[in-house]
Amino acid sequence: DTQTLRNLDQAHHLHPFTDFKDYAAHGGKIISRAEHIYLYDSDGNKIQDAMSGLWCCNLGYDQDSIKQAVFDQLQELPYYNNFFRCSNQPAVELASKLCELTPERFQHVFFTNSGSEANDTQIKLVHRYFDLLGKPNKKHIISRNNAYHGSTIAASSLGGMKSMHEQTMGLNYVHHIEQPHWYECGGDMSEAEFGLHAAQALADKIDELGEENIAAFIAEPVQGAGGVIIPPDSYWPAVKKILEERDILFIADEVICGFGRTGNWFGFETYDIEPDLVTFAKAVTNGFMPLGGCLVADKVSNVLLNGAGDFAHGLTYSGHPASCAAGLATMAVYEDTGIIESSARDLAPHFNAQLQSLVDHPIVGQVRSKGLFAAVELTDDKAARTRIAPDSAAAVYCRDVAIEDGLMVRQTGDAMIMAPPFVTERHEIDNLVAKLTVALDKTARQFGIS
Ligand code: PLP
């Protein structure tokens, strides 16, 4: 029964990104079932998922064709590795499909189980690329403050979240620059000015470290876990120009943005930027099976393919047949239904319009969205953009009351974060915004703001 499960969970299960002491004392929900865009807990509560799981179930929880593809693959070939000069059909087909779905210059894929491992792999790929070119000093990587690129030691280091650095010490060849987060860091600058200022931080860091020492710049087109940081329009064109003039590779982390989140198949299309390497995971299987990987452009793969000796890197489950079968079935749904295009055209504008109606709420400082990706910033002073309470207490409260009321949203800093599944219907968007409004009202009352 539920109570027994909860007791065992508290006694034995260490949860990711969780205060262990607090969880052991209070426990959590047991999610027992999911359907369409709804989660059901073991107490029978129904919760609308406004986060697509962890930004991965873009197609919601039904999708029988993906489930069936995994089942069928497990019957045919449940496992074999891709070492020993062996391959398997789903891995081959998915690699080809991903190359077909991305610009012509992407013709190679390396598979991992997760986004974290994929970003670790990217570091090894760019280091090997420059080693093979006879530029062994090019080892440094530039990332951005408040970025999240995963949880392995290297990916934690790429990330710019202070708490993660404190726990991992950080790799000494990873450096962080300004994030393009106008609301938090823009001060008196206009958004356009701040976008240029944040881009200039990249040029400055390159000058400081020396271009001859830098391998790559890694960034998400829109920072997701950092708080859905939609960059000012001036940001990416300026960064693109800086990168075009430098001998530095650009890794686009598309773990969240990839597969439709910002309104196009990939975030680099939304912002017209040209990565040399692309990290993907999450929605590549609609979150149903673990899978991540790196897409490698010809500029890099041509060098890698001509290098003698092993690339000393691989995972037992690189190109796992069942995960790749899930990936292929997921690509088929995206393509056959045209849902990435139709949700960008029909649902995203409605979502954005509904959310914009919240800007007059007494505790809302900013609403920002791109595609089906949004953040609502809470404040007690719209002009000064100050936080309501220390330690994000207001946003945490708002999140908790929303979940209690049947809406799964997330909080980062003082922002309420949303990434609804593309299969959400218009009336369900309305329900999302109505429930969020109730949570905002309760938060305003709780913190004495009217
Ligand atoms: N990169 C980004 C942008 C992410 O948002 C995440 C996870 O949220 C990762 C990498 C890490 O992916 P995973 O959790 O699959 O290791």
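Guide: The chain has 17 helices and 15 strands, where helices (H or I, at least four residues) and strands (E, at least two) are DSSP runs numbered from the N terminus. This is a predicted model, in which local features need pLDDT of at least 70, side-chain atom pairs count only at pLDDT 80 or more, and totals for chains, interfaces and linings use all residues. Residues are numbered from 1 along each chain as its sequence is written.

Visitor: Why is α6 called roughly perpendicular to α13?
Guide: Helix α6 (residues 115-132) and helix α13 (residues 298-306) pack at an angle of about 65°, with their axes 9 Å apart. Angles under 35 degrees count as roughly parallel, over 145 as roughly antiparallel, 65 to 115 as roughly perpendicular and the rest as oblique, so α6 is roughly perpendicular to α13.

Visitor: Which residues of α6 and α13 make the contact?
Guide: From α6 come L125, R128, Y129 and L132, and from α13 come V300, V303 and L304, a contact between two residues being C-beta atoms, placed from the backbone, within 7 Å. These residues divide into six nonpolar, no polar and one charged; Ala, Val, Leu, Ile, Met, Phe, Trp, Tyr, Cys and Pro count as nonpolar, Asp, Glu, Lys and Arg as charged, and the others, Gly among them, as polar.

Visitor: How do you know whether R368 is buried or exposed?
Guide: A residue is buried if 20 or more other C-beta atoms lie within 10 Å of its own, exposed if 12 or fewer, and partly exposed in between. R368, which lies in strand β11 (residues 364-369), has 20 other C-beta atoms within 10 Å and is therefore buried. Leaving aside neighbours within four places in sequence, R368 is in contact with V228, I230, A374 and A375.

Visitor: Why is N113 called partly exposed?
Guide: N113 has 19 other C-beta atoms within 10 Å, and is therefore partly exposed. N113 sits in the loop between β4 (106-112) and α6.

Technical notes
Axes fitted to C-alpha atoms, helices over the stretch in contact; angles between N-to-C directions.
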